[in-house]
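Colleague: Please take me through this model in order. I will ask about one part at a time.

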Amino acid sequence: MINISDSATKLNSLNRRMFILAAAKIIILGGIVSRLFFLQVKENKKYLTLSDKNRIREWKLPPIRGEFQDYFGNTIAGNFEAYQLHIIPEEVEDFRYVIYRVKELLQLSEKQFKKIVKKKNEIKPWETLIVADNLSWEKFSKINNHLYDLNGVKPVISISRDYPYKENFTHILGYVSQANENDLLTNENIKEKFVPGLKVGKTGLEKSFEQKLIGSNSVERYEVNAYGRRISQLAFQKGDKGETIKLTIDTKIQELTNELLKEKAGSICVMDIYTGAIVAMHSSPSFDPNSFVFGISQDEWQLIRNNPMKPLVNKSLSGNYSPGSTIKPIVALSALENEIISPDFTVQCKGHKNPLELYGQTYHCWKKEGHGFVNLREAMKQSCDTYFYEVARRLGVDKLSVTAKKFGLGQKVFKDVFDNEKSGLVPNTEWKKNALGRNWVLGETIITGIGQGFIQTTPIQLCLMTAQIANGGYKIYPKIVANDDNQYADKFTPLYKKSRNIKIIQDAMFSSTNEVRGTSYRSRLDDPKYRFAGKTGTSQVKKITERDRELDLKTFEIPYEERDHALYVAFGPYKSPRYALSIIIEHGGSGGTVAAPLAKELFKMIVDRHEIRKNYDNKKYLDI
Amino acid sequence: MYQYRRFNNKNSFFQKFGNLDYILLSCLLVLGFISLATMYSTDGGEVLFHTRSHFIKFIVFFTMMIVISLINIKFWFSLGYLSYVIILGMLIWTINFGITASGSKRWIDLYFLNIQPSELMKIFIILCLAKYFHRMKSQHVNSFYSICFSLIIIFVPMSLVIIQPDLGTSLLIAISGIVVLWFAGLNHKYFFYSCLLSIISLPIIISFLKPYQKLRVLTFLNPDRDPLGAGYQIIQSKIAVGSGGFTGKGFLKGTQSYLEFLPEKHTDFIFTLYSEEFGFIGSVILLLIYSIIIYRVIRIGALSRSYFAKLFCYSFGTSIFIYIVINMSMVLGLLPIVGSPLPIMSYGGSSMLATMIGFGIVMSAKTHSQQSIA
């Protein structure tokens, strides 16, 4: 019996404990359910976004770059369809076979081939391997014909930069190339839009207007698995093409400048004297920017880099030259404005036998025989150095520098538009004291009067200076982008005290080109429609010694690096001026014989093109 | 002898069929169906290896369960010690000749199938201890001798499993054993003191853990400390469950599993996938089915005449409940990650076999509820 009662107590205890546990179970179950509720209902949104973040990945495609157009709407930097060859290694059954077959068809060199294989090993098997980025049509069609044999090879047509006018616009536009680390660090916008293969502007306007040109990425949204492999495309969001930028350049004139500077090192700038629009701006020698788009070959790069004529330098903006005699209009103007001289002020030029002597230094005029008695007009016309030595001596460098700066020398013409623009240098006594720590000496004033010594100008500054003389002495702001409507408060403010003084200078420049004994008389155009006025300049690269003077060598007898720079500034048509230009030919010799004849060619075209330009402008307004 | 009786007494055979717990059976079938559907989803909507294999195992072991239920509970009672010793032998065999997979020796090769004896031990330790306490007088339950002996019964298989190494399963074996001790009427104070002791000694135990186990504990405390490494599983699992929402993403539409973000989705983390696709509603329904199953198991225990059957049913039901709670808490980020399958749902033959044997014995207790064991 004790057995029965014992088993009863055992059963009792068992059932009691079961009851306790059942209660515990219900509580625990409630806990699990509430945890589920918390995760799935309360925090659902958070986890849903996390899950989408897991599975959705976006692929950015390179944005389509905006174009550059010239004044007449011709595309000067556009996009073209590049024929490319892509392989996704994962989709190829026998990669070795296919890649060897491709090598054979495209006649790839061993070096190129190794590069491709190396690239293949670096990427994930489902990423795109770009085998060739710019195939010729022949090779592209050859590949297409053999596609049956090339499983997994994808011929792709992609958009890439194209410069149809090749070397004509290189220094204005610059060029694009693969974005590198430096581009990403310096430009947030590039960093944001970066995709492998993105091409960005490296120099020139391509770089300055990167923000506007770059456009926005197209985005492909894919569902991916845990290993990053694309499973399906969810959406495609089309990006915007970059802005099209219209320039003030006239391609025809730009091409002519390129033609004229062929085989020479130098620069030509042409500017509208009222609007400040740059009609042409060329630096020679140039190079073909197309070769940079897909990466330039080492050999080609070395050739460009080591060229003694320095094709990589934009001479129009970053070439600092002594202005030589082209500064004389400013010297004369400054003297007139400060009432140091009158137009009738006369100096006797006695030639090399009897040069100007000052503190033991001699200052020669370029003309051996001397000019005799010359007044202002005559001195400008014949570019008499002795006259300007005297004028500069009386004027002083500080007054001269004020006028020079007023007319745009010594400061950047385009402000921030071009990152490689130099400001040149207009010296004065204070500058020398600060920069060199020595006092200004009178001899330096004298040579500054003929544009030698410390003074440095860029071709575009000389062009601006001439334009502001030509338009009657009013301030203008040069522009290269057509719809650059920056309204400067001081635009068209007079730069003179007496407008008569400007007239005198204009007339003197006219005489220099259109009257007998003028330094550029031989380059004149007699037809009043084209007639222009100018001032030659020959800037010394090295100091002329007594011996040189005695030898009096012809230009071609002097070593290239020691030859003078030939300069010429001009404006026309004289009757009602509209355009100004500056020409500089490095180591070309005398400005009158080398630089001025180019102006003759240029003005013919510039004046003819003006009608078209004007009409195009009118039409534009009519259309609206 | 039992078989002889079964075949001789046809009436009794049909009676036994009639006496099966059909609610429990149908719940198990529904659960099997859900688990097959989930397995089908883990295979990416195709009948592949896991689905096929899980299906065959379910059918075979379900049939086996019915066969077991028709055998008299006395037979299972008599097998109590023997089966324990056999499994213990298999565990020792595993240590010496087991198949090594992912760093631990857990399986033995039985030519036609690989079996994981540690999973079987989870059930047979209950059987063994239930038999041990069945004979015992109530005043002897709390004697030094019986406590020592029952603890040895628990510690021997537990330590054999720990050296495999498989911390998760060894803990589950220990829990199964302790559950039986609790029901057998071991004094509350022992549980209280041992609880206190284990909390005090926790830092010492942690210092003995393997580096990967320490990492799991640290990861549990802060999953974000290494989101792509140790914390990956738990973070992805929580994302999957959380993103399921109230109604779920829909069958075969669970992106987390379909796109392979979920680890171990066939086995320990199968609830995550289920919960992602069927949402809060589905999860609660699943919990409900499990609750009904456990309720039926305990009810069978309550209706049984013999102490052994009661003890087994209560302990088995409670153990199953604890397995489910541990698995779910783990995937929901409430517990550190220990390897513990979700009964019936998870892929794995040994676990399914053990669970089905357990249900078979429970069902046998039902069909023989009037049977008393001496």
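Colleague: How many of the 7 residues of strand S11 (residues 266-272) of chain A are buried?

Modeller: Residues are numbered from 1 along each chain as its sequence is written, while chains are lettered from A and ligands numbered from 1 in the order in which they are written. Helices (H or I, at least four residues) and strands (E, at least two) are DSSP runs numbered from the N terminus, and a residue is buried if 20 or more other C-beta atoms, placed from the backbone, lie within 10 Å of its own, exposed if 12 or fewer, and partly exposed in between. S11(A) is mostly covered, the buried count being 7 of 7.

Colleague: Which residues of S11(A) are buried on the side away from A:Ser267, A:Cys269 and A:Met271?

Modeller: In a regular strand the side chains alternate between the two faces of the sheet. Both faces of S11(A) are covered, with A:Ser267, A:Cys269 and A:Met271 buried on one side.

Colleague: Which residue of S12(A) stands opposite A:Val270?

Modeller: Two strands pair if DSSP finds at least two bridges between them. S11(A) and strand S12 (residues 278-284) of chain A are joined by 6 bridges in the antiparallel sense. Their hairpin has 5 residues between the strands, and A:Gly276 there takes a positive phi near 80 degrees. Opposite A:Val270 stands A:Ala280.

Colleague: In S19(A), what is the bridge partner of A:Met271?

Modeller: S11(A) is also paired with strand S19 (residues 579-585) of chain A, antiparallel and over 7 bridges. The bridge partner of A:Met271 is A:Ala580.

Colleague: In what order do the strands of the open sheet with S1, S8 and S9 of chain A stand?

Modeller: The edge strands, which each pair on one side only, are S1 (56-61) and S9 (230-237) of chain A. S8(A) and S9(A) share 6 antiparallel bridges, and A:Glu223 stands opposite A:Ser232 in S9(A). Neighbouring strands are turned by 30 degrees against each other on average, direction ignored, with axes fitted to C-alpha atoms and angles running from 0 to 180 degrees between N-to-C directions. The pairing is antiparallel and the order is S1-S8-S9.

Colleague: Which element gives the most to the side of chain A that touches chain B?

Modeller: Two residues are in contact if their C-beta atoms, placed from the backbone, lie within 7 Å, and 36 residues of chain A are in contact with 36 residues of chain B. The elements giving two or more residues on the chain A side are helix H1 (2-42), helix H2 (44-55) and strand S8 (218-224) of chain A. With 21 residues, the element that gives the most is H1(A).

Colleague: How many residues of that side of chain A are nonpolar, polar and charged?

Modeller: Ala, Val, Leu, Ile, Met, Phe, Trp, Tyr, Cys and Pro count as nonpolar, Asp, Glu, Lys and Arg as charged, and the others, Gly among them, as polar. The side of chain A that touches chain B divides into 19 nonpolar, 8 polar and 9 charged.

Colleague: Which residue of S3(B) is the bridge partner of B:Ile108?

Modeller: The open sheet of chain B has 3 strands in the order S1-S2-S3, paired antiparallel. Its edge strands are S1 (99-101) and S3 (114-115) of chain B. Strand S2 (residues 104-109) of chain B is joined to S3(B) by 2 bridges. In S3(B), the partner of B:Ile108 is B:Ile115.

Colleague: At roughly what angle do the axes of H6(B) and H14(B) cross?

Modeller: Residues meeting across this pair include B:Phe133 in H6(B) and B:Phe312 in H14(B), and the contact by class has 9 nonpolar, 3 polar and 2 charged residues. The crossing is right-handed (left-handed if the near helix is turned anticlockwise from the far one by less than a right angle, right-handed if clockwise). The axes of helix H6 (residues 117-134) and helix H14 (residues 307-331) of chain B come within 9 Å and cross at roughly 145 degrees.

Colleague: Over which residues of chain B does pLDDT stay under 50?

Modeller: Chain B has a mean pLDDT of 87, with 95% of its residues at 70 or more. Where pLDDT is low, the predicted coordinates should not be read in detail. The stretch of chain B under 50, with 2 contacts beyond four places in sequence, is residues 6-11.

Colleague: What ipTM does the predictor give the complex?

Modeller: The pTM of the complex is 0.68. The predictor's ipTM is 0.90.

Definitions and conventions:
pLDDT = per-residue confidence, 0-100.
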